Amino acid sequence: MTAPAIVDLPARAHREAAALVAGQPLFERYGATAEVLERSWRAGVEAGDRLKAAIVDGRVVGVAWLVPKGAFARSPYLRLLAVATTAAGRGVGTALLAACEAWAFERADDLFLLVNAHNEGARSFYERRGFVAIGQVHGYVLPELDETIMRKRRPSSTDRAAEATGTCRPPPRGSRR
Ligand SMILES: CC(C)(COP(=O)(O)OP(=O)(O)OC[C@H]1O[C@@H](n2cnc3c(N)ncnc32)[C@H](O)[C@@H]1OP(=O)(O)O)[C@@H](O)C(=O)NCCC(=O)NCCS
C-alpha cells in the first residue's frame, strides 16, 4: 500500500468516512451510525472542529476528529481516530495521529483523548506514541463501559531533537537514577 496522504477531510467525503467508522463494531457499540456521524461532523466543523483524513488511491482509509478546546474547555481533544479494517497495521493510524499532534501542539501544550478501557490494542498504540493514561471514567459514554483518559504533552525542543537522533536526555542534575 502506498503511504497515505493526510488532508483535511472535504465535506464531499464525509459520507465515505462516516461509513468507514460506522462499519466497525467498536463504534457501532457507541451508537455511531453513519447518519449520526455525518450530522455531528457537520455541526462540529461549523463550530471549528477539524476532521483529518488519510487518503490512499483516492479513497478515505482513515479519519480523525479534533475538537480544539474539547478537553476541559481548554485543550485539544482527539474525539475519534479510526482506520479502515482493510488498511490496519500499515502505518495509517500513526500518520493520522502525527498530523493530529502537529495540529494540536501548534496551538496548545496538551492533547487529550478517551479510549475504551478494554481496548488494549488502541491504548498501547497511544502509549507507544507518548500518551499517558491519567485516569478512568466509569460508565461515562455508556453505562456499561469505562473510558481511560489519555494525555500527551507537547514535546519540548530537546525531546524532539532526542527523538530525531535516537539519543536520550540526561537526567536533571541532582536526580537519582
Ligand atoms: C488503533 C488504530 C487507529 C491503529 O491504526 P493502524 O493504522 O492500524 O496503526 P498503525 O499501522 O499506524 O500502527 C499499528 C499499531 O497499532 C496496533 N494496533 C492496535 N489495534 C490494531 C488493529 N486492530 N490492527 C492492527 N494494529 C493494531 C499495532 O499493535 C501497532 O502497534 P505499534 O506500531 O505501536 O507496535 C486502528 O487499529 C483502529 O482504527 N482501530 C479501531 C478503532 C480504535 O480503536 N480507535 C482508537 C480509539 S478511539
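User: What gives the most to the shell around the ligand, and with how many residues?

Analyst: Strand S4 gives the most, with four residues; strands (E, at least two residues) and helices (H or I, at least four) are DSSP runs numbered from the N terminus. The model is a predicted one, in which local features need pLDDT of at least 70 and side-chain atom pairs count only at pLDDT 80 or more, while totals for chains, interfaces and linings use all residues. Residues are numbered from 1 along each chain as its sequence is written.

User: What makes a residue near a molecule, and which are the closest to the ligand?

Analyst: A residue is near a molecule or strand if its C-beta atom, placed from the backbone, lies within 6 Å of it. The ligand is surrounded by 19 residues, and the closest are Gly-89, Gly-93, Thr-94, Gly-121 and Ala-122. Two or more residues of the shell come from each of strand S4 (75-83), helix H4 (92-107) and helix H5 (120-127).

User: Why are strand S1 and strand S6 said to stand at the edges?

Analyst: Two strands pair if DSSP finds at least two bridges between them. The open sheet has seven strands in the order S1-S2-S3-S4-S5-S7-S6, with mixed pairing. S1 (5-8) and S6 (132-137) each have a single partner strand, so one side of each is left without a neighbour in the sheet.

User: What joins S6 to strand S7?

Analyst: Five bridges join S6 to S7 (residues 147-153), which meets the requirement of at least two bridges for a pair. The two strands run antiparallel. Gln-136 stands opposite Thr-148 in S7.
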